[in-house]
Amino acid sequence: METLLALLTVFTQPDLLLLVAIGTFAGIYIGAIPGLSVTMAVSILISFTFSWEVYPAISLMVGIYMGGVYGGSRTAILLNIPGAPSAIATAMDGYPMAQRGEAGQAIGVTTVMSFFGGLIGILVLALAAPYVSVFALKFQPRDYMLLAVLGILLVGSLSSGSLVKGIFAGALGLAIGAVGRDPLTFTERLTFDLQLMEGGISFIAVMIGMFGVSEALLQLQNVDKTAVRQKITKIVPSFGVIRKYLPLSLQTSTIGVIIGALPGTGGDIAALMAYDHAKRVTKNPKVPFGKGAMEGLVAPETANNAAVGGAFIPMMTLGIPGDAVTAIMIGALFIHGLNPGPMLMVDQPDMFWFIVGALFMANIFMLIFGLTGIRIFTKIVEMPRAVIIPLILLLSIVGAYAVNNSISDVYWMLGFGVFGYFMRHYGYPLGPVILGVILSRLLDDNWRRAIISEREDLGRFFEGILTSPLSFTLFAAVILIFVSQTPLWTALKTRLFRKASQ
Amino acid sequence: MDPEFRGDQDHHDGTSDATPGGYPAERRPGELGFALFLSLASAILLYNAHAISGFDALSAPGSVPMATTAVMLIAALVVAWRTARLPKVTTETLRRDILPVTVLVFVGFLVIFGLALKPLGFLPTAALFLIAAIRLLSGWGWPRTILTALFALAVIWIVFRVIFTVLLPSGVVPEAEVIQFFRALMSGGAA
């Protein structure tokens, strides 16, 4: 009964419902405007909502997350520019459809399929998370440590580009998170004896810099790109179309949930994997893939929205983020005095059920807003970048300043913005940095707990890993990712990808 | 599908964390320099991490920082070594593709913004920044630039100052008094 009440919190309080709606609406547009990403929006929003109560703040973020993952598909279809990273695969078949004059149908199917995928993700979250959290209570400190390492490595290895660069980025994040006074012994760490660094580096400044400022600086090079107008007619798809792709969408939703639930990997990777899967299983597409195949739209769009629910599973049960956005949300929960992890599910199950309810509502709003308001949509997306970029920068500054009312945070943000700008140019992924910053404390604490309980004996520590099935599995996964860097594996991967592209 | 697909064919911009920019088989201008810089920075951090507690104990406060900075150093060296062996991209220059003047100018703008924020206050600083930035990027005439900038600023200010109640340095503008005036007006009207 209490569960039901918590689940319905969002429905019974009109202001929360309104915030979810506003968030979803804003999310769709933020996702749709190239250069504005969900990660950026959520990281800037934390700093604005931290004085709020926790429920309204979470409502807004959940809405933006859900809407943003979907919104990226719009511009991918209409302009061939994925508005968000999770829509990269959508552009491959969506844009050719728009070129044939089927933009309306493409958007309609995308919307309904995103809704469907989102729904499955939320269902799995609601059903699986309570069990995972019971299971999570058995986790030893060393398991948490391994899981944190695994999360950082996964986000570095599954995204395209080099794993070594991903490892560097993750380690950098951990190091940034360690700056300041050590919480256990109060020793200064990596502060260079500067008073400025004693309190540590504000992770919000790091986040806004990396995802807001660096993105805006990059977009400066695309100021002149203009939008193409498209005429859109019928968008609500017929039931027959939906039914036809139902089996495929079930499979790709499953992929989405699983990838989303893996620590560190989110909708962008899920979408690419689902696209690959659809290519493999669709024997005779009506239109070839890459030329406007409907399957090529259904697969990534169900998967990326299913990944949203999936990403919350490790976040709510273990305190380990499922992707960059949930990493930021963990930061938000910390700021609100909550401590995500298995105990959160035990102590405050309401929080969990509230999030499930909010996600569900966000999904419904996404469907409603997605199938209406196309006209305003094209107007907003055509907003000139010459105005958008300065606004992003302005919001970034306000956001970084607002949390601690400190100018030095603004400079941290600027520094990390410029640094992130170079990282993007030279192919270093930014996701692992944020994951590292968020997980730094967890990894450090659990390592020390684990090794102290083994009386500082490395031999006993490894014995513990090898004898516990759970630790061993996690350890094996970490090793496997490292092995994946050897030439043998690379050869295998290229062969696999070549096959899939045929 | 191409495993190296970056979502953007012409600039390889790296618009997201899942699709970092850069080229898999070529070295962009300045890439090696960046890798060497990272190696040097990691080495300094490692030295600093060692100074925290040395090799005292496995559970000492410096253990994890030392491990992470060591990983950073190794990874950065591997990256630098791999990068050095790649052929250079022939079609790009540092000036045009990595650090164009606009980017430098904007970084300058932001530094000035930070410096001016406290003494001048948020509203005037932001207004000046928006006008300068929009003018520079769009090439519109002054009236259109100024109107757009002020309109955008008004929206942002209302959303963040009034709805989100974010406190921003007021500087030379008596913000609080203005808000109080309108509050009084509203409640006066209601009563």
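This is a predicted model: local features need pLDDT of at least 70, side-chain atom pairs count only at pLDDT 80 or more; totals for chains, interfaces and linings use all residues.
Helices here are DSSP runs of at least four residues, numbered from the N terminus.

Start with α5(A). This helix runs over residues 88–99 of chain A. Its 12 residues should span 16 Å at 1.5 Å a residue, and the end C-alpha atoms are 17 Å apart, which agrees. Of those 12 residues, 11 are buried, so α5(A) is largely enclosed by the rest of the structure. The buried set includes Met92(A), Asp93(A), Tyr95(A) and Pro96(A). What do they pack against? The buried residues of α5(A) pack against α4, α6, α13 and α14 of chain A. After the helix comes Gly101(A), with a positive phi near 90°.

Next, α12(A), residues 246–261. The same sort of check applies: 16 residues at 1.5 Å each should give 22 Å, and the end C-alpha atoms are 22 Å apart, in agreement. Among the buried residues of α12(A) are Leu248(A), Thr252(A), Ile255(A), Val257(A) and Ile259(A). Those buried residues pack against α6 (103–136), α13 (267–281) and α14 (295–318) of chain A.

Now the contact between the chains. How many residues does each chain give? Chain B gives 68 and chain A gives 73. On the chain B side, the elements giving two or more residues are α1 (31–53), α2 (63–85), α4 (101–120), α5 (122–138) and α6 (142–163) of chain B. By residue type, the side of chain B that touches chain A divides into 42 nonpolar, 19 polar and seven charged.

How values were computed:
Residues are numbered from 1 along each chain as its sequence is written. Chains are lettered from A and ligands numbered from 1 in the order in which they are written. The expected span of a helix is 1.5 Å times one less than its number of residues. A residue is buried if 20 or more other C-beta atoms lie within 10 Å of its own, exposed if 12 or fewer, and partly exposed in between; C-beta atoms are placed from the backbone. Two residues are in contact if their C-beta atoms, placed from the backbone, lie within 7 Å. Ala, Val, Leu, Ile, Met, Phe, Trp, Tyr, Cys and Pro count as nonpolar, Asp, Glu, Lys and Arg as charged, and the others, Gly among them, as polar.
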